[in-house]
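The stops below each give a selection and what to look for.

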Amino acid sequence: MTLVRWLKRHLVVLAGLLTLGYLLLPNVVVTVFSFNNPKGRFNYEWQQFSTDAWTDPCGVADLCGSLSLSLQIAAWATLGATVLGTLIAFALVRYRFRARGAVNSLIFLPMAMPEVVMAASLLTLFLNMGAQLGFWTILIAHIMFCLSFVVTAVKARVMSMDPKLEEAARDLYAGPIQTFVRVTLPIAAPGIAAGALLAFALSFDDFIITNFNAGATVTFPMFVWGSAQRGTPVQINVIGTAMFIVAVLIVLSGMVISGRRKRQRA
Amino acid sequence: MMTKDTSGDVRLSGISKTYGSFTAVHPLDLTVPQGSFFALLGASGCGKTTTLRMIAGLEEPTSGSVSLGDQDVTNLPPYKRPVNTVFQSYALFPHLDIFENVAFGLRRRGIKSVKKQVEEMLELVQLGEQARKKPHQLSGGQQQRVAVARALINHPKVLLLDEPLGALDLKLRRQMQLELKRIQTEVGITFIHVTHDQEEAMTMADTVAVMNAGRVEQLGSPADLYENPNTTFVANFLGTSNLIEAEVDTKSGDEIVLKAGGGKLSLPAARCSAPTTTGGKVLVGIRPEKISLTHADDAGGIPEGRNRITGKIADSSFIGVSTQYVIDSPVCPEFEVYAQNIDRDARLIPGADVVLHWNPAHTFGLDATQDIDAGVETVGEEASA
């Protein structure tokens with residue numbers, strides 16, 4: 001009886017913990033196997049504890065080169081998509097223009113279209129234009145598919161903004177630029193930041209579109225995929241774990257900062 | 001220390017605003033003198049807010065000009081006009097705390113040391129303790145005061161208030177009315193206040209302009225508008241009026257005698273805004289609180305020289321300080337009478353025959369070609385305004 005009562009009281013917590021475990025288990029595996037010292041080329045079986053891979057993350061040929069390329073592309077794609085996407089979002093919410101409805105739906109097409117189809121048609125387009133496949137074609141493709149996500153995130157935020165706030169700023173001696181910098185941007189910032197994070201994550205781990213349009217260039221996801229055919233170096237797990245830790249640290253510090261702000265206000 | 005000058009006068013000359021084929025404001029001339037508390041009163045959609053926004057520079061007039069003192073500001077953007085607005089929704093910046101909200105205008109004008117001024121202003125609106133809170137942590141009344149402080153700190157020549165009390169509950173609204181009036185007296189700045197609440201306009205403003213369908217119907221002091229309405233809209237929108245259709249019988253000097261139903265009513269010629277020709281129609285108006293109610297049995301005791309009408313009590317509601325009667329009369333189906341509860345006559349109950357009588361000096365006359373129900377407030381209108 002007491003067990004049933006205990007279950008009833010803690011069912012929600014239990015379900016939550018199980019779901020969380022389900023989400024985190026792959027990360028745990030990646031982390032654990034980053035300390036493995038595999039026999040042979042495949043890192044699929046636990047052998048013995050080792051920090052070799054951690055002390056020499058760039059020990060595998062081309063790994064760090066591809067990682068740095070992916071980070072560069074992700075950074076530029078985030079910048080490009082965020083700037084363009086924010087402008088589009090403001091235009092769509094704030095202004096009435098011809099074909100606004102059409103633009104509104106078309107902007108979501110890249111989100112809805114199967115990635116393989118988009119990848120193949122992009123390749124066709126680049127080849128017909130005689131473009132040299134590589135860094136720039138990857139970047140153009142990434143900005144393109146990140147754009148819709150940024151627009152969605154920023155649009156939601158801009159729609160909930162009271163246009164009266166900008167009127168109030170103009171009424172209080174702020175010119176157009178001051179109004180944008182002091183009022184519009186700070187209020188839209190959470191949406192823009194969400195869009196930018198999304199863009200970075202999408203760009204960093206995109207494989208399908210990149211693989212079609214990269215030519216001889218190799219990004220980190222392509223490197224992982226390629227090496228998985230021949231054997232997976234432990235360093236891949238090290239990079240994966242490091243990325244996970246960085247992401248967790250960013251989230252945690254965000255929580256600490258906002259928590260401290262709340263306490264100051266109260 | 002305030003000298004009487006005209007640098008804070010607001011002059012609108014032939015100002016109008018059209019959106020496509022819809023005219024929000026018909027060409028309008030208006031002068032608001034320096035230091036006055038001026039109210040633009042009207043139902044929603046009458047053009048009062050558009051007028052206010054044209055003064056602020058947030059709306060571009062289709063024609064006409066806006067001047068502040070000697071300066072024509074028609075073509076100045078809002079951030080270059082010495083005018084500040086208190087918005088209906090307050091429009092406080094959610095990402096800034098109260099102190100920074102109030103300091104915003106000073107900082108934008110490049111003033112470095114704002115601390116003392118902001119603190120003084122927050123004291124004026126009694127929010128010194130809340131300086132480091134964010135707007136959403138304050139109550140509606142406190143947010144409203146922040147909005148006032150944020151505008152006033154810039155020492156504008158004119159403060160524009162767009163339905164500033166609309167979102168507050170009744171008790172708080174009363175309190176804020178007095179508060180705003182106190183602040184206005186203290187700082188001596190011209191206030192232009194837009195409202196749909198006639199009581200609010202009358203309580204606070206020195207001068208009220210009643211607007212209807214993009215035009216100013218009548219302008220004057222609250223008492224003047226109430227006692228001498230020129231149109232049926234003003235008569236009905238400001239308080240309640242009983243309007244009777246009557247025919248001009250005789251005109252002699254400053255008195256007009258009218259036929260209504262079977263009886264005769266006297267109207268001072270000076271209080272009739274309509275042209276009168278013998279046999280012509282006029283609307284006779286009388287406010288419900290000016291009327292005395294006497295039971296038909298005592299009709300003999302009513303002094304001579306008073307206007308009188310007979311009727312039957314249809315309904316009565318006891319309000320406390322007064323009792324409101326609805327009288328069914330041959331000249332007017334729903335005649336309203338407010339009687340002070342000084343000596344209550346127990347016979348005055350629904351169904352009783354009564355005589356209504358009043359001093360003819362309180363009668364006013366209006367043009368009978370107007371809609372007799374213009375400006376009568378309907379229930380839906382109040383809520384949506």
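Which residues of the largest nonpolar core touch the most other members? Select B:Val102, B:Ile192, B:Val210 and B:Val284. They belong to a core of 137 residues. This is a predicted model, and the tour keeps to computed values and record entries.

**Stop 1: the cores**

In general, nonpolar side chains of soluble globular proteins tend to be buried together.

Now centre on B:Val102. Leave aside its neighbours within four places in sequence. What is B:Val102 then in contact with? The list runs B:Val118, B:Met121, B:Leu122, B:Val146, B:Ala149, B:Arg150 and B:Ile153.

Next, pick A:Ala53, A:Leu63, A:Leu67 and A:Val238. These are among the nine residues of a second, separate core.

**Stop 2: chain A and its domains**

Colour chain A by domain. Domain 1 comes in two pieces, 1–59 and 234–266, while domain 2 covers 61–232. How far apart do the C-alpha centres of the two domains lie? The distance is 28 Å. Each side gives seven residues to the contact between them. On the domain 1 side, four of these are nonpolar, two polar and one charged.

Then select residues 67–257 of chain A. UniProt, in an unreviewed entry, annotates this range as "domain: ABC transmembrane type-1". Over that range the chain is 83% helix and 0% strand. Its end C-alpha atoms are 30 Å apart.

**Stop 3: where the chains meet**

Show both chains together. 16 residues of chain A are in contact with 21 residues of chain B. Which elements give two or more residues to the chain A side? Select helix H8 (163–171) and helix H9 (176–204) of chain A. H8(A) gives the most, with six residues. Colour the chain A side by class: eight residues are nonpolar, two polar and six charged.

**Stop 4: chain B and its domains**

The contact takes five residues from domain 1 of chain B and nine from domain 2 of chain B. Of the domain 1 residues on that side, one is nonpolar, four are polar and none is charged.

Select residues 10–238 of chain B next. For this range the unreviewed UniProt entry lists "domain: ABC transporter". The chain is 35% helix and 27% strand here, and the end C-alpha atoms are 25 Å apart.

**Stop 5: a sheet in chain B**

In what order do the four strands of the open sheet run? Trace S2-S1-S4-S5 in chain B; the pairing is antiparallel. In general, strands of a sheet pair through backbone hydrogen bonds. The edge strands are S2 (22–32) and S5 (71–72) of chain B, and each pairs on one side only.

Strand S4 (residues 63–68) of chain B is joined to S5(B) by two bridges, and the two run antiparallel. To finish, select B:Ser67 and look across to S5(B). Which residue stands opposite B:Ser67 there? The residue is B:Asp72.

Terms used
Residues numbered from 1 in each chain as written. Chains lettered and ligands numbered in written order. Predicted model: local features only at pLDDT ≥ 70, side-chain atom pairs only at ≥ 80, totals over all residues. UniProt positions renumbered as here; feature names shortened; annotations may be inferred. Contact = placed C-beta atoms within 7 Å. Nonpolar A, V, L, I, M, F, W, Y, C, P; charged D, E, K, R; others polar. Core = buried A, V, L, I, M, F, W, Y, C linked by C-beta atoms within 7 Å. Buried ≥ 20, exposed ≤ 12 C-beta atoms within 10 Å, placed from the backbone. Pairing = 2+ DSSP bridges. Domains from an automatic or database assignment.
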